[in-house]
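Take a look at the chain below. Keep the sequence beside you as you read.

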Amino acid sequence: LPLFVCSAAIACLSVGSALAQVTASQIYQGLVSYWPMDQLNTSAGVTTTPDVVSGINLTAMGSPTTTGGTFSNGIALNGTSQYLVNIDTQMLGAGTNNLASGLPYFAGTPFTVAFWVKAAKPSSTTHYVFTLGNNTNGLPLYILQSGSTAATEANLDVLIRQMNNSPPVNHSSTTNVLFDGVNWHHLAWVDNYGVVSVYLDGVLETGSSAFSYFPTTLIEPTAVNSSGVSTFTAPFNTTCFGQLLHGNNNPASGAYLAGTFDDAAIWNRALSQAEIQYVMNNSIPTPVPALPPSFAVPLRSQTNLMGDYVVLSANACGTPPLTLQWYENGAAIPGANNQVLDLYDLTASGTNVVYVTASNPNGTVTNGPIKLVVPPDPTPASRPPP
């Protein structure tokens, strides 16, 4: 089997330090969407709550209402017909990471979602809190939900499944209560290339390692194309609070969450605990400035063997929409416009120069160039005659 090689150093992806003082400028880095959930706006019969970063507004289904939140208002869901959703219909033709619109922002690469929630312990199992799905397929699934057993109904439970229905995370749950019906709780889910940290009210869950997984089967950037769907990938195109939208555009029956959400945000990087505590205590200062593109981690040159499988990660940040383009030996690689570049089964020896550019309305930057060196296979030693 080809060797998997990742170009990014996982430990370097958090901008903030657990010991350093966090500033608002750090919080803005990699911020894709922020929904204060202070208001619901109706236009042409469609009700939304605004995203003040990228304009990726959440559609409010079933006529939810605003109520008191942790910072100003929150949005209350009744548990029977109401949820908040964004459907990216363009994503299915572009792979698992649609930089053009910003969501969903998961492709096996780092991301953080954080929000406040106040909800009673569900009366039955598996009520959905935050989910990624596909509105034309029953799979894949990326689900943060209430517990799947009677003993864990008040706790967070997680389920991740690819197209082949082989879950890398299968109903792992927290030890601490998330749903008590009395208190607001702040939840931050940090997925750093499959190394997961769960923060409840700013405190790291001691069992966070139970949620970690090996994400290589989730990061193929051309998961959906004219030739079909790879069974080992996770082509999401719906982002939802309070429900799961997948298969035939239908919400999951009986799985609505009755509760109130406030101050939700998504980043395309892994936040540190200090940054999460800053957001929990201070919210996200607005207006959010328009940020030029940048790269969280520099690409690094590497030497590989014949047959290696190389994965390069751009780790681009900046106010969406972002446009990425990978280059090899000075020429644009056709269709290589996502955060991840897969180079399968290296068969030619030599040195290739690779770099990636990221652009948005505020500028263009380059990560690299780097050298990918593939030495020739050694000549087999001749055996002396018997």
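Predicted model: local features only at pLDDT ≥ 70, side-chain atom pairs only at ≥ 80, totals over all residues.

The chain averages a pLDDT of 83, and 83% of the residues score at least 70. Strand E7, residues 73–78, has the highest mean pLDDT, at 98. Strand E17, residues 224–225, has the lowest, at 36. Two stretches also call for care. Over residues 1–19 the pLDDT is below 50. Beyond near neighbours in sequence, that stretch still has 59 contacts in the model. Residues 91–98 are also below 50, with 34 contacts beyond near neighbours in sequence.

Follow strand E27, residues 323–328. E27 pairs with strand E30, residues 350–360, in the antiparallel sense. Six bridges join these two strands. In one spot, threonine 323 stands opposite serine 359 in E30.

E27 also pairs with strand E28, residues 331–332. This pairing is antiparallel too, over two bridges. Which residues face each other here? Glutamate 328 stands opposite alanine 331, and tyrosine 327 has alanine 332 as its bridge partner.

How does the chain get from E27 to E28? The two strands form a hairpin with two residues between them. Asparagine 329 sits in the turn. Its phi is positive, about 55 degrees.

Note on methods. Residues numbered from 1 in each chain as written. Heavy atoms only, no water. pLDDT = per-residue confidence, 0-100. Helix = DSSP H or I, 4+ residues; strand = E, 2+ residues; numbered from the N terminus. Contact = heavy atoms within 4.5 Å. Pairing = 2+ DSSP bridges.
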